[in-house]
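Q: Hey, can we go through this model together? I'd like to start with the charged side chains.

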Amino acid sequence: MKYKKYDTAQNLNGSNHVYFCSMKNDLDRYFDTVIEDLFMYHKDIVFWVPDYSEDEDRIVRETLDPDDLLNMKMFVVPVTAEFLNTDNAAKREMLYAADNGVPILPLMMEPGLDEVFSKLGKNIHYFDKQHNKSDKTQLSYEEKLRLFLDKTLSHDGFVKRVIDALPACLFLSYRKKDRKCANALMKLIHSNEKYRSLSLWYDEFLDAGRDYAEEISQAIAESNAVLLMVTPNLLEKGNYVMETEYPDAVRQNKRIIAVEAIDTDREQLAEAFPGISDVIPVSKPDALFRILDELSAAEDLSFETAEKQYLLGCAYLYGIRMEIDYRQGEDLLIRAAENGCPEAYEKLIRIYTVGMGLEKYQKELYNITASLANAGSPEEKNKCMQEFEVFKAEMNHIQPDLKKGIQWSDRYIAYLRDSVSDENERIINSKIEEVTNERNRMNAVININNGMNNSDFAEKVHNEVTNSIIQNHDTEGLSRLLAEAYSANSNECEKRGRIDEAIMYARKYIKVLEMEPEHYRIRDIYEYIRLAKLLESIDDWSAAEKCIDDAIDVYNSFGSITFSM
């Protein structure tokens, strides 16, 4: 079979060459959906596809020898019933890649195929696009995908760099049905400043495409000790912890720390898990902390250097051997920047410019909008809006904050100026110019937002945004910055009870969006619904109704518009 490079309207000269390993029907059905998911996190990808595509307009005239498939950065494999239940070249290619160590990203595109997939015989782990998003205790598909792509495609080995900076690791052994207890235990350990840098490996960190049994055994081998989460669920016959993880930890002579989250019959526990003596109730953390002190005595758990603080902050922000915790991550980045870490400055500026963590809420936003679309009576719509308020309160993310972005830009510029020497003057001055331009863009948007159009620069940026949008230039960066400023100002006015102004800025946000519908983001539905709520508060029901209708229109256009976060 021949293979061809596929024109994705992205950078065809990118360094990450990826093979879309699929049958023809799956290529037709799922290619566009999958590349949208991947491009959300990595733009520098070139896709190759089998040569049976009929869409010749999007195929670049460059063929690939089959032997070169093993030089791909990874294989992306849409898993369907047809793929699993027939003898086909795509399945043989996937297994060939697995045997030769090429990273594989199997994506379960249809429900109910777990057992059939497991019969391939290689314990290959997959990511499930259909997974239960109502389970808040597990990492979302989007979070797992981002982490996998960072590991596989990052140029600087960033994820490995973060993992190497973590001084010690515990393997967390638990039943999936006890994930809520496991998450609570992780937060308990990391709430203690002393153990903030102590990493925890658990099955949410399994890589797609790898033999999960081998990866789990390797994680146990590399751990300093095993934390065994004890609940009555652990005593159920035939579970993976009882039959595989615990015996493997015993064979490897690992210290096993049993932590009881729910009262469990100790005699049955001793019978099912021979060798366990002491069981620490999670309600007595001091006893657990004493054991952790013993384990970490030979390890340097300190994170006093700026680089360590930066890498640990990223571990929390991205869920690298840590639970995702934006508050911890933000705090550590601030400490790193204050101690002179350039990467921390740049990460903070980026986060405050665009925000972080909203992608995992896209399914909930879909569902809320769908519920509004189906709500018939005012009572039903009011119930949907109440659910939205609860959802908004539970969102764990970092909101864009242009004022903080400017503050950290100023501090970074001052730091760079203090760092200038004869050897690095040209490089430092170039970086200062880059940060200054970004800082001025943010400041200009705030000036526009506050009605201070007497600022020549603010007026210039506003005109550039408007004119470029009209001329169909690629201006998502500027227009999005303008929209985020309107959103931030609207939120601030709402907090202060200035509802009329909050409504005005929310409408400005939406007006900018409507000028570039091809750049809609998932979170924009949130702004439509928030504006509807504001309008309802002043009894402008007809305008609120129109806002809900507009949100529904955006929802209904998801199939035809490419979204980003």
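Predicted model: local features only at pLDDT ≥ 70, side-chain atom pairs only at ≥ 80, totals over all residues.

Q: Okay, is Asp87 buried or exposed?
A: Asp87 counts as exposed, at 69% relative accessibility.

Q: And which side chain does Asp87 meet in a salt bridge?
A: That's Arg92, at 2.8 Å from N to O. A salt bridge here is a side-chain nitrogen of Lys or Arg within 4 Å of a carboxyl oxygen of Asp or Glu. Arg92 is partly exposed at 47%.

Q: How many salt bridges by that rule?
A: The count comes to 25. Asp26, Arg29, Glu82 and Glu110 are linked in a network of them.

Q: What about Arg335, where's its partner Glu193?
A: Glu193 lies in the loop between helix 7 and strand 9, while Arg335 lies in helix 13 (residues 326–338), so the pair ties together parts 142 residues apart in sequence. Helices (H or I, at least four residues) and strands (E, at least two) are DSSP runs, numbered from the N terminus. The closest N and O atoms of Arg335 and Glu193 are 3.3 Å apart.

Q: Switching topic: what's the confidence like for the chain?
A: The average pLDDT, the predictor's confidence in each residue from 0 to 100, is 79, and 77% of the residues score at least 70.

Key:
Residues numbered from 1 in each chain as written. Heavy atoms only, no water. Buried < 20%, exposed > 50% of the residue type's maximum accessible area, 1.4 Å probe, protein only.
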